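Please open the structure in your viewer and keep the selection panel at hand. Each stop below says what to select and what is there.

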Amino acid sequence: MSDPSYLHSLNTEQKAAVLQTEGPVMIIAGAGSGKTRVLTYRIAHLIHTGVDAFNILSLTFTNKAAKEMRQRIETVVGSEARNIWMGTFHSVFAKILRIEAEKIGYPTNFTIYDSDDSKSLIRSIVKEMNLDDKVYKANYVLSRISNAKNNLIQAHVYQKQSELIAYDETTGRGKIYEIYSEYAKRCFKAGAMDFDDLLFKTNVLFRDHPQALLNYQNKFKYILVDEYQD
């Protein structure tokens, strides 16, 4: 049987990566060498060989890249490509949270705060705490909260981290943990998540609800990540 037509444009190494459908595969190559094209055709090949598109998760660096990739796959396998779970980490995790939010106490129609919303809330908290807004600038406070979330540190844990508290005190901002705590409480009360929460709360969901984690592990038989280094 001859190879599918989408394989004809690939070189030997690219073709090998596309055809290697089982087990972990990492593609390391320079810019413009066709890594994204390989990932695109690998997904198309999975579907072509009988894998249900619903069982494929593809994570991209931008939503634009996801849209373009889906369109390319659709030219190969047709409308089945629309059933792939594909997007950025944030958009895919937001989709998961819309389904599972009630497990962690949020409504499924939770609001997503952008950076302006977050900074506005922080300014209100700083003002109510009678802190100097020139010291506790919203941008700085938000960056500290964001850094904590990216390291999976919840508000109630932050205040127990001696290194974090010591650093804040040396910069003259020893109340960061209190602001973080109040910020988290108000977001929760408002049924809102900020951009970092889309990743952070998904981790909380899977950590505290192992059955939910198992459900998605069983669902996604194939996980592909574009621009993995980013």
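**Before you start**

This is a predicted model, in which local features need pLDDT of at least 70, side-chain atom pairs count only at pLDDT 80 or more, and totals for chains, interfaces and linings use all residues. Residues are numbered from 1 along each chain as its sequence is written, and side-chain values use heavy atoms, with hydrogens and water left out.

**Stop 1: the two domains**

Colour residues 5-102 together with 209-225 as domain 1, and residues 111-190 as domain 2. The bounds come from an automatic or database domain assignment. Between the C-alpha centres of domain 1 and domain 2 the distance is 36 Å.

**Stop 2: helix 5 and helix 6**

Helices and strands here are DSSP runs numbered from the N terminus (helices: H or I, at least four residues; strands: E, at least two). Select helix 5, residues 115-128, and helix 6, residues 138-150; their axes are 9 Å apart and the packing angle is about 105°. Helix 5 is therefore roughly perpendicular to helix 6. Axes are lines fitted to C-alpha atoms, for helices over the stretch in contact, and angles run from 0 to 180 degrees between N-to-C directions. Angles under 35 degrees count as roughly parallel, over 145 as roughly antiparallel, 65 to 115 as roughly perpendicular and the rest as oblique.

Now show the side chains where the two helices meet. Helix 5 contributes S115, S118, K119, I122 and R123, and helix 6 contributes A138, N139, V141, L142 and I145. Contact means heavy atoms within 4.5 Å. By class, this contact of helix 5 with helix 6 has five nonpolar, three polar and two charged residues. In this scheme Ala, Val, Leu, Ile, Met, Phe, Trp, Tyr, Cys and Pro are nonpolar, Asp, Glu, Lys and Arg are charged, and the others, Gly among them, are polar.

**Stop 3: helix 10 and helix 11**

Move on to helix 10 (residues 197-208) and helix 11 (residues 210-219), which pack at about 105° with axes 5 Å apart. Helix 10 and helix 11 are therefore roughly perpendicular to each other. L205, F206, R207 and D208 in helix 10 touch P210, A212, L213 and Y216 in helix 11. The contact of helix 10 with helix 11 counts six nonpolar, no polar and two charged residues.

**Stop 4: salt bridges**

A salt bridge is a side-chain nitrogen of Lys or Arg within 4 Å of a carboxyl oxygen of Asp or Glu. By this rule there are nine salt bridges.

Select E128 and R186, whose closest N and O atoms are 2.4 Å apart in a salt bridge. E128 lies in helix 5 and R186 in helix 9 (residues 176-189), so the pair ties together parts 58 residues apart in sequence. R186 is partly exposed, at 26% relative accessibility. For these labels, buried means under 20% relative accessible area, exposed over 50%, and partly exposed in between (1.4 Å probe, protein chains only).

Next, select D194 and K149, a salt bridge with its closest N and O atoms 2.7 Å apart. D194 is in strand 4 (residues 192-194) and K149 in helix 6, so to speak distant parts of the chain, 45 residues apart. Are these two residues buried or exposed? D194 is buried at 3% relative accessibility, and K149 is buried at 5%.

A further salt bridge joins K175 and E178, with 3.1 Å between the closest N and O atoms. K175 is partly exposed at 36%, as is E178 at 27%.

**Stop 5: two loop residues with positive phi**

Most residues other than glycine have a negative phi. Select N130, in the loop between helix 5 and helix 6. N130 is not a glycine, yet its phi is positive, about 55°. N130 is exposed, at 71% relative accessibility. Then go to L152, in the loop between helix 6 and helix 7 (155-158). L152 is not a glycine either, and has a positive phi of about 60°. L152 is partly exposed, at 45%.

**Stop 6: T88 and T62**

Finish at T88 in strand 2 (residues 85-88), which is buried at 11% relative accessible area. Beyond its neighbours within four places in sequence, T88 is in contact with L59, T60, F61, T62 and N63. Of these, select T62, in the loop between strand 1 (56-60) and helix 3 (63-77). T62 is partly exposed, at 35%.
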